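Please read it alongside the display below.

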Amino acid sequence: MNLAIDVATLASINFLLGLGIVTVYKGTRILNFALPGVILATAYLTVTVASHAPLVVALAAGALAAAALGALTFYVGILPILGRPTYVGILTTVAIGFMLESIVTIIWKVEIRNLNLPSASFTLGDRLVSSDQAIMWMAALGAGILFGVVYRYTRVGLWLAATADENLLARQRGIPVMMVLLASFVIAALLGYVVALLLGARQGVTMALGSAALRGLVVALVGGLDSVLGAALAAVLLGGVEAWVVQTDPRLATVVPYMVLLAVLIWRPWGLLGTPEELERV
Amino acid sequence: MAIAALVAAAIVPFVFDTYYLSLLNLVFIACIGAIGINITTGYAGQVNLGQAGFLLVGEFVAGAIAIHIGAIWANFWIAAPAAMIAGAAVGVIVGWPALRVRGLYVTLATLAAFFVIQYLGLRYIEYLQQTLKTGIDIKLSALDLLFMTVSSERSWYYLLLSVTVVVIVAATGLAHTKAGRAWQALREHELMTEVMGIDVAHYKLIAFAVGASLASLAGMLFGFYHHSVNPEAFTVEVSVQYLAMIIIGGMGSIAGAVLGAAFVVLIPYGLEWVLDTFNAPSQFLIYFSAVRLGVFAFLMLIFLLLEPEGLIGLWERIRRFFVLWPFRFQPLEEKRR
Amino acid sequence: MTLDGAMPTTVPALTPDLLLRVERLEVVYHRVATAVQGVSLNVPRGKMVTLIGPNGAGKTTVLRAIGGFTAAEVATIRDGEIAYMGRDIRGMPPEETVRMGIVAVPERVKIFDTLTVKENLRASGFPVEKAEMQGVWDMFPQLWQRRDVRAVLLSGGERQMLALGAALCCKPSLMLIDELSLGLAPKIATDLFRLVRKLNEERGIAILLVEQNARAALELADIGYIIESGRIVFEGSSEKLLGHGDVMEFYLGRSDERSKSFRDVKQYRRKRRWWG
């Protein structure tokens, strides 16, 4: 039971992070390396505002900042290089991510801050479960179902797929491509913000949030990049492995996702549930 | 021209004091690593976010030779080939997933490999500290060159200068071989290259092996230069710095890599001076590494967006402007020639 | 010049039956390479117009300028006017021109390879009604059979059908078709040409067709323009063009007189250009 709860929590974090990456990938075929920076910046901002103003204001400010940073990533890093090779997009998002990280370090001085969300706890089996853990599970489940449905059954999902396939043709068909892309970056940043809040409440807001956020990339790749279900599967798999390893060697546990990634890239490069053709397109 | 440059380079240690020499030495080490990543990323187009891992391999080779085998063997003629072979081997292992994947997958694979190497490195250090009782600081002996020991800043200058020149010449030569052309082809269009009958997998592995072996060589020299093995110095930030070098200098150009390395190594010193003169708030100096990272990231972004050909491209444009002035374009006759 | 020898009026009176009017269009690539220099053409409401000419003459560039996707390429419109239904649409981005009814069927049959046939029809900024989809299925029964197949697996002819079908789902009043017959078997190309004409006649969709197959295009269209090196060199109704000796000579590859040497042709062309 204990293990199951840990796995569920880790998997929820992994999944929300992975979903953010998948969302951006679906529209742009670019991995958003700026997400860790966005998560750090918004988490610290929320903590700072929360110490001066009511929590609701802080949460609203954080969400706004997340949306703004997501939009910034798109306008600065992606829009000017549309049509250039993919690796340029990777590098611009890397640069934006590290710029944010650097700014966060300078402003907040690598401090550990506490984020106090109102919390309650209840028992599940023989273990005490805090409400933020439960919220995390719900968030992951809700987001998973919502995104799965949107991608599969709505026009927006089709728009995303079309935009990623042939940007110009999508514009010729009257698809509001710029809106779709902008929205995907903003939504990814907001998903990241949810993770930032929940992780920050659990283990304090530190620079380690940034490296935790890198896990989203691993989840997305192991799952198969364009598959929501794959990301869910990968999140559970990685969460399980991590929860298991952490009992014997906590430091190995932070590396183990990367080992899984390397193994998957060699064994099944298109990911657990991805399509093999996806390999040809990046 | 080349001879004049060499003579000038030989005189340098007698003109500058040790502080400037140490800066130059750091530039040389960075040059070697930058030329390495220029081959993997600049030529072959495999974006490598794990350069720090390859550097780390070299440093561990230095450590392993000096500590396990003994200080007498801390000899350049042994350490250099050993570091290069170890680097190439690790490069091939890291490049292995790249055989089946491309683009972003490769980037993530190199990043993942970096984290794994870093973990193994930290475990190794722990083993040294606890089992071999080396203490927290792992000291390396001075590098031996058979006929002399490299210890003074000046002797390091000559050693690093010669190694850098050899690496530049070798890399320039390599770029004009079959492999060099294959790399550039596969950077432009991988599928097309494969269709042309070029063994993409083979050349990708070579690119990773060569790039990693040069990085490892740089790491080895770095270790001996600082007399220590310190894996904590090699973070993701270092990988970003190396990427920044070739982006700022100019991707796929050896002159660009050299220029970029010098730029990236020297800019923090300029930055420090600026912060000092303008009395920047104290946290800018306390978290200087963060400031540095931010500046590199910013420059990277600017060059990617505005001058994709880097400093070399910029230089070419300025030169052409003055050569052709008052015209804007090269006359057709000249182009044909 | 027109074939009657009369100079066309520089600004044709804006008549209600004129759908698209392009005046003195100049398009430049990479800021230096002029691809189109002063092209004027008209597409009357409900008519089929064809723009023909040799490789690199600027046909596709004209279409791109009208559809508004020069910005996405490296081209800029340096001069001229483009008016559609009396509104200036010069420089308007493609997502807006398509809302006004200008729908492009791009060159080399671009479709969304990763989507299925059905999804390709639905992937547009407009809600696609069932009846419209049914119309496409009726028109191309072959596509209906392959409706759930990924588009990348279609044959060349099927791709072109899908491209046409998807364009129809965007409610066009003017279709810009680029190289309809490129890379298709002659039989399929003929069928598609006929189909396009049928669309034009039955639904009143005006068509601007860019073609390499000059004869087929002229035989179908109402009006033809011949473009060379970025300039319109002949224009007129297609019967006139088909009956004209020079056009036959240069673009349709048939001569009634004794076969001339290339040198003669070149000199003749130069003369024409000089006087024209």
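How far apart do the C-alpha centres of domain 1 of chain B and domain 2 of chain B lie? In this predicted model, the two centres lie 22 Å apart, and the domain assignment of chain B places domain 1 at 1–234 and domain 2 at 235–337.

**Between the domains of chain B**

- Contact joins 33 residues of domain 1 of chain B to 20 residues of domain 2 of chain B, and the two domains bury about 2,000 Å² between them, with 79% of it on carbon and sulfur atoms.
- Of the area that domain 1 of chain B buries against domain 2, 20% is supplied by Val27(B), Asn38(B) and Leu49(B), which is more than any other three residues give.
- Helices H2 (18–43), H3 (51–69), H5 (104–131) and H6 (153–175) of chain B each give two or more residues to the domain 1 side, and H2(B) gives the most, with 15 residues.

**Between chain A and chain B**

- Here 48 residues of chain A are in contact with 42 residues of chain B, and the chains bury about 4,100 Å² between them, 80% of it on carbon and sulfur atoms.
- The rule finds two salt bridges across the chain interface, one of them formed by the side chains of Glu126(B) and Arg251(A) at 2.2 Å, N to O.
- Five residue pairs are in polar contact across the chain interface, both members at pLDDT 80 or more.
- On the side of chain A that touches chain B, H4(A) gives the most, with 15 residues, and that side has 37 nonpolar, four polar and seven charged residues.

Definitions and conventions: Residues numbered from 1 in each chain as written. Chains lettered and ligands numbered in written order. Predicted model: local features only at pLDDT ≥ 70, side-chain atom pairs only at ≥ 80, totals over all residues. Heavy atoms only, no water. Contact = heavy atoms within 4.5 Å. Buried area = accessible area lost by both parts, 1.4 Å probe. Salt bridge = Lys/Arg side-chain N within 4 Å of Asp/Glu carboxyl O. Polar contact = N/O pair within 3.5 Å; in protein donor to acceptor, adjacent residues only side chain to side chain. Helix = DSSP H or I, 4+ residues; strand = E, 2+ residues; numbered from the N terminus. Nonpolar A, V, L, I, M, F, W, Y, C, P; charged D, E, K, R; others polar. Domains from an automatic or database assignment.
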